[in-house]
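Open the model in your viewer and have the selection tool ready.

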Amino acid sequence: MDKYVIRGGNPLVGTIRVSGAKNSALPCMAAAILTDDEVILESIPQVRDIETEKRLLASMGAEIRLGDTPHTTIISCRTLSDPVAKYEIVKTMRASSLVLGPLVARTGMARVAMPGGCAIGGRPIDLHIKSLEKMGAAITQEHGYLEARVDHLHGAHLVFDKITVTGTEDLLMAAVLADGETLMENCAREPEVTDLASLLTAMGARIEGAGTSTIRVKGVSRLHGARYRINPDRIEAGTFLVAGAITGGDLIVADCKADHLGAVIGKLQETGARVDILGPDTVRVRADRRLRAANISTEEYPGFPTDMQAQYMALATQAEGVSVVKENIFENRFMHVQELVRMGANIKVDGSTATVLGPARLSAAAVMCSDLRASASLVLAALVADGESILDRVYHMDRGYERIEEKLQGVGAQIQRLGNIFTPKSEENVAV
Ligand code: EPZ
């Protein structure tokens with residue numbers, strides 16, 4: 001089990017660069033299923049979830065190879081010999097359900113292991129299923145798998161009961177090849193949805209309204225290949241902004257998209273951190289004085305992102321006063337709290353609300369990572385704790401942060417990794 005050893009106390013100073021967005025890459029890679037041409041994706045982050053999706057696509061018969069840079073991935077789904085998303089892969093990444101819509105749209109059938117829950121919640125996909133059934137798919141569930149069959153999907157009027165990011169993405173990919181028009185309402189407005197819609201449009205899809213809660217799709221008979229560069233990762237960028245603030249540093253976050261960071265930047269400024277937008281892809285954060293408490297309530301985009309809740313809570317432990325953290329999206333997304341408390345934080349949880357009293361002097365400790373963003377929260381806390389913390393099970397970090405230990409070392413953090421740095425398979429065709 002790889003570990004991080006982090007010695008707290010160093011302000012982070014310098015420039016840190018953001019990688020491509022994992023949560024854009026995952027649906028965009030699944031979109032390659034929709035065509036028998038090659039899809040070339042640029043700025044793909046080298047993180048574990050991407051390798052999982054490569055294995056998933058390869059297991060179905062896709063050919064995947066690296067392009068002219070390690071961040072360029074070329075996917076060809078000319079032959080989908082086995083349109084099954086097997087449990088041993090799906091259980092490691094629930095976003096595997098993103099292949100459901102495109103598989104049904106392209107082949108008329110799909111067998112996808114039910115994703116099951118994860119550390120942060122039940123993670124159902126009932127809204128994906130209901131919508132595909134409205135488009136004509138017959139879906140059965142047995143032995144832990146769902147099976148969808150249809151001659152050809154037809155357009156429908158879909159209204160999502162709840163706002164779902166991958167639900168919106170899954171159905172968008174189903175609709176682009178369906179017969180007729182699909183009207184989707186109560187859609188997710190996340191930038192990752194817009195990223196996917198931009199790729200699909202480049203592939204020949206006819207989509208209006210991506211990025212708003214109402215999306216109209218006119219189905220086409222086929223899609224062609226495309227080359228597309230995905231957006232920077234707004235959650236990685238937000239994590240780095242918090243790192244600069246919590247350590248009292250002077251950090252420039254580069255290669256990001258400032259437009260996607262409005263809620264996070266606004267909240268950091270509310271705590272008293274100085275955040276300046278130096279350009280469309282560059283944000284500077286400084287915190288040379290005590291931060292003030294500020295409340296957050298997680299909401300769908302453009303509200304404060306649930307994927308930044310754990311990281312913000314680490315910052316709140318250092319802010320003067322009481323910060324109330326309300327988690328509205330997932331039912332169990334406070335796995336980081338007990339570990340932060342073990343480091344000396346003063347946090348009380350009551351249902352979906354955590355109350356943080358600061359500032360609390362954090363002392364280094366041996367702590368356990370439990371999920372991707374909770375792990376990031378523990379890294380941030382360790383960067384300010386007195387002494388040397390040991391973080392176990394850092395493979396959680398590898399799921400969504402590319403070489404974060406090297407990036408943080410580059411701006412002055414005392415962080416070492418015990419064990420092997422995560423490196424994707426280098427062979428040409430990803431072995432299944
Ligand atoms: C996406 O997950 C992200 N993952 C998550 O990021 C992110 O936290 C989440 O959106 C919310 O922004 C990817 O994009 C790969 P949802 P997703 O469907 O799509 C309920 C990370 O850290 N729901 O928007 O799975 C669901 O239980 C990950 O990078 C249903 O009830 O989330 C939740 O309460 C973690 N039925 C709410 O909707 C459904 O069919 C929002 O979930 C689907 C969702």
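This is a predicted model: local features need pLDDT of at least 70, side-chain atom pairs count only at pLDDT 80 or more; totals for chains, interfaces and linings use all residues.

Select the ligand first, and then the residues around it. There are 24 of them, and the closest are Arg94, Thr164, Thr166, Asp307 and Ile329. Colour this shell by residue class: 11 of its residues are nonpolar, five are polar and eight are charged.

Thr166 has a polar side-chain atom 2.6 Å from a ligand oxygen. Arg373 brings a polar side-chain atom to 2.9 Å from a ligand oxygen. On its own the ligand has 820 Å² of accessible area, and the protein covers 91% of that.

Which elements give two or more residues to the shell? Select helix 1 (22-31), helix 5 (126-134), helix 6 (165-175) and helix 12 (372-382) to see them. Then colour by domain: domain 1 (3-19 + 232-418) and domain 2 (22-220) each supply at least three residues of the shell.

Now stay with helix 5. Its buried residues are Leu127, His128, Ile129, Ser131 and Leu132. What covers these buried residues? Among the elements to select are helix 4 (100-107), strand 8 (138-142), strand 9 (145-149), strand 10 (157-159) and helix 6. Helix 6 is also one of the elements that give two or more residues to the ligand shell.

For the last stop, select Gly136, which follows helix 5 and has a positive phi, near 105 degrees.

Note on methods: Residues are numbered from 1 along each chain as its sequence is written. Side-chain values use heavy atoms; hydrogens and water are left out. A residue is near a molecule or strand if one of its heavy atoms lies within 4 Å of it. A polar contact is a pair of N or O atoms within 3.5 Å; within protein, one must be able to donate a hydrogen and the other to accept it, and residues adjacent in sequence count only if both atoms are side-chain atoms. Accessible areas come from the Shrake-Rupley method with a 1.4 Å probe; for residues, only the protein chains shown count as cover. Helices (H or I, at least four residues) and strands (E, at least two) are DSSP runs, numbered from the N terminus. Ala, Val, Leu, Ile, Met, Phe, Trp, Tyr, Cys and Pro count as nonpolar, Asp, Glu, Lys and Arg as charged, and the others, Gly among them, as polar. Domain bounds come from an automatic or database domain assignment. Buried means under 20% relative accessible area, exposed over 50%, partly exposed in between (1.4 Å probe, protein chains only). Contact means heavy atoms within 4.5 Å.
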